[in-house]
Amino acid sequence: MTRAGERPPGGARALSGRPVGELTLEAVRRGEIRVPDLRIHPDSLERQARVAEEHGNPQLAENLRRAAELTALGDDEVLAIYEALRPGRSTAAQLAGLAASLDGRGLPRCAALLTEAAEIYTRRGLTA
Amino acid sequence: MTVPGPQQPVGRIRFMDQQRVNLDGFAVEDPDLGLVALRSPHDPGPGLVISDGRVVQMDGVAEQDFDSLDAYIARHGLDLAVAAEVMALPDTELARRAVRPDVPRAEVIRLCAGATPAKLARVLALLRPAELMMAMTKLRGRRTPSNQAHVTNRLDDPLLLAADSATAAAFGFREIETTVPVLADAPSNAVACLIGAAVGAQGVLIQCSVEEALELELGMRGLTSYAETVSLYGTEPVFTDGDDTPWSKAFLTSAYASRGMKMRVSSGAGAEVLMAGAEGKSMLYLEARCIALARAIGAQGVQNGGIDGASVAGSVPRGLRELMCENVMVMMRNLESCSGNDALMSESDMRRTSRTLPIVLAGSDFVFSGFGSIQRYDNMFGPSNFNAEDIDDFLAMQRDWGVDGGLRTVPAEEIAELRRYAAQACRAVYQHLGLADFTDDHLERAVDAAGSKDLGETDTLAVLSAAHAIREGGLTVVDIVAALDETGYEAEAEAIMEMTRARLSGDYLQTAAIFDEELRVLSLVTDPNDYAGPGTGYEPSPPRQAEIDDIRQARGVDDLRAEQASAAELLLAPAGPALAGQDPRDVVIGVSPAVGRDVWRSLSGLTVPEVLGELLAGLEEEGCAGRVVRFNDTVDLGRIGLAAARLAGSGIGIGLQGKGTALIHRRDLAPLANLELYSVAPAVTRGLYRLLGANAARHAKGATPDPARNPYNDEAIEARYHTTVIALMALERAWVRPGEPAEELSAEGLQ
């Protein structure tokens, strides 16, 4: 790990692991660039989270760390979780189940968000 | 005549009623409906009770009664380590610290992190307008102010979008927000704006404002680079009606970040009132909840200042002040402020300027969260408070006050080139990818168009099918880059790849981040605001100051000299020294030193020979003989006229400055006296000059002249001509030779 704000040796990597510096027009011409090469790497988000913390915004840091977790999920799954969190879409049990599943897959922060949602939604009548 | 009666106000009031400001709606303050700006009797008082590191009461509500907004803010939004300190500070003390230059921004930020929504609402309500400006100057996150543009059109025409995006980028906007009248067109709009912006300037962020899922999808494919449509509301029922909760919004915020997209939330006064859901609270208090929530969910910034509800705030007393309070409160929460001004809040040019000006002067992260860079009718967000109609006004305002509102002048030829290049690149990409074909005629029209009405008939179905192909084909930014490269737009392809690389480090996910044109990130982290009073904080660099100052309408003496030279004629040749006349019908027309040399056209547009021709004709009509004499030792019209009168056999002279100001003089009057004067040179007509000649002749004959009335109109004559007058007088003065005698000028060819 590198210190907050410091560039990792060799510069940032894309989600695919490819060094960002390799994302050149030449590489496009060779047909080498795929969608995971365009996606941000969780390490970059973690680095930004530390910068945000140092600049008086722990909430932004927490958001970026949740985001780092979400890089592991596909677009459809991300949108499905968002849909599940909208009002009246899920029962408390469904939210808790989703939270447990995310926790098991290495997304504890997102899981905590869903767990808390299940609690508050129940009290405020926002469950299905 | 209309007789005033009980039903009919007097003419003065009827006249006032007709002014455009009276098209606006003005509401009686009504706290029960939420029609109150800064403070409602139903607003809770600030308060915070913490027990065992947990908020158990906030702004008068106990934990078990927290609604979902309270619950989220209480658990995530407050720095409990500083809460006790800030909540114990008197409101006036915190307000003063927000304003005072000697209290560092960081200290205000530290304190406000522990302040409840009601606390900040009470504090902001204390700030007067000038204090709000001071607070904004000090508290915004980014040192360098910036601006955002709307780029849309009624037809979602890609070539026009590309040309207009290039134009907006060239004008200096660092974010471009597009949207669609037809939802399915969205992918096409995103692509067209991406291409256009890349032509106009490097590093411009692009947004396509549509529903969440599609917006996220466009971002995931790299076609757009930021989002700001995630809306927050200040009451739970309205929030729920918006089909979200604080948790779903928090998740969405992370979803955008997980795809490396910059994102800010959107809120602002009036939304709850319009939904009849304000619960009797003031606009500022409800917005204080939104902003606290924005911070709590981890958004880096907020677009507020009314937004769609700006005119609701504008309808109540202190409403515009409330809008600015919203922006400043965002800054106090250490977030990026995208400061509204994006909805036309009045039919009155003065009111809408009054709404925007304080923010322009104070400077914000984004002065507008959407300056309509296109014409009002093409703005698919609805007209912004400023639009293409107002760009020159805005540039002049920046220059007048010496402030950086983010925009700059671009030479007309450069705009033409950029628009052509952008439209061509867009057409080439659409053709290359098999999305759509556009005719040469369409391209020419898009390049020249001031708006989509200039495009004529277009094939809107072609846009829809292009958008469909982009979406279904799963096209990404790489496909656009490859297409640009293969169709000969290598520089633009390279620019977009460079930007794609720059985004992947995530630096632009920090608060208030923009890219500059060298792709450096300017944010709260890299470009922190260091205002601490006069002589500190942001100041435009000399090149940037020159961009602000050099508007294309500015004219100097050299411009005017060239303009005058273009009207020069082979007339008014010197014809020897001027001699005293003996004939009682001899009238001398004295002209200023630069006439017949550098000055050839008067302010009315008539050439100086034309003016002289009319004066001579008028003299002749009344039986007098005129001659033209140039006085080389003064530019003063009274002295020229008097000297002319003293040379004339009749004792009557006409003085004429090259700019067209004219008078009749008599040899026995004091220099500053005269018989008739045309002081408003720009408005003098041929007929009036002829009349002046005739009246001079009548004076010479001892007859009774019929004095001409000075022409008058209600235009800002001085604003229009003073700069030209200054330059003309400089040309005149350059020919002054003290002691040099007057000379006769040839009158040949003047009539």
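Chain A is split into domain 1 (1-71) and domain 2 (74-128), with bounds that come from an automatic or database domain assignment. This is a predicted model, in which local features need pLDDT of at least 70, side-chain atom pairs count only at pLDDT 80 or more, and totals for chains, interfaces and linings use all residues. Residues are numbered from 1 along each chain as its sequence is written, and chains are lettered from A and ligands numbered from 1 in the order in which they are written.

The C-alpha centres of the two domains of chain A are 26 Å apart. Four residues of domain 1 of chain A are in contact with five of domain 2; contact means that the C-beta atoms, placed from the backbone, lie within 7 Å. On the domain 1 side, one residue is nonpolar, none is polar and three are charged. Here Ala, Val, Leu, Ile, Met, Phe, Trp, Tyr, Cys and Pro count as nonpolar, Asp, Glu, Lys and Arg as charged, and the others, Gly among them, as polar.

Next, the interface between the chains. On chain B 53 residues are in contact with 45 residues of chain A. Several helices of chain B give two or more residues to this side, including α2 (68-77), α14 (283-297) and α23 (490-504). Helices are DSSP runs of H or I, at least four residues, and strands are runs of E, at least two, numbered from the N terminus. Which helix gives the largest share? That is α12(B), with 10 residues. By class, the chain B side has 24 nonpolar, 20 polar and nine charged residues.

Now one helix of chain B, α18 (residues 391-401). Its buried residues are Phe394(B), Leu395(B) and Gln398(B). Buried means 20 or more other C-beta atoms within 10 Å of the residue's own, exposed means 12 or fewer, and partly exposed is in between, with C-beta atoms placed from the backbone. Seen down the axis of α18(B), the buried residues fall within an arc of 100°, so they line one face of the helix; the arc is that of the directions from the helix axis to the C-beta atoms. They pack against α24 (542-549) of chain B. The face turned away from the buried side carries the exposed Asp393(B) and Asp400(B). After α18(B) comes Gly402(B), with a positive phi near 65°.

Last, backbone angles. Most residues other than glycine have a negative phi. Asp52(B) has a positive phi, near 50°, and is found in the loop between β1 (48-51) and β2 (54-58) of chain B. Is Asp52(B) buried or exposed? Asp52(B) is exposed, with 5 other C-beta atoms within 10 Å. Glu279(B) also has a positive phi, near 55°, and is partly exposed, with 17 other C-beta atoms within 10 Å.

Conventions: Contact = placed C-beta atoms within 7 Å.
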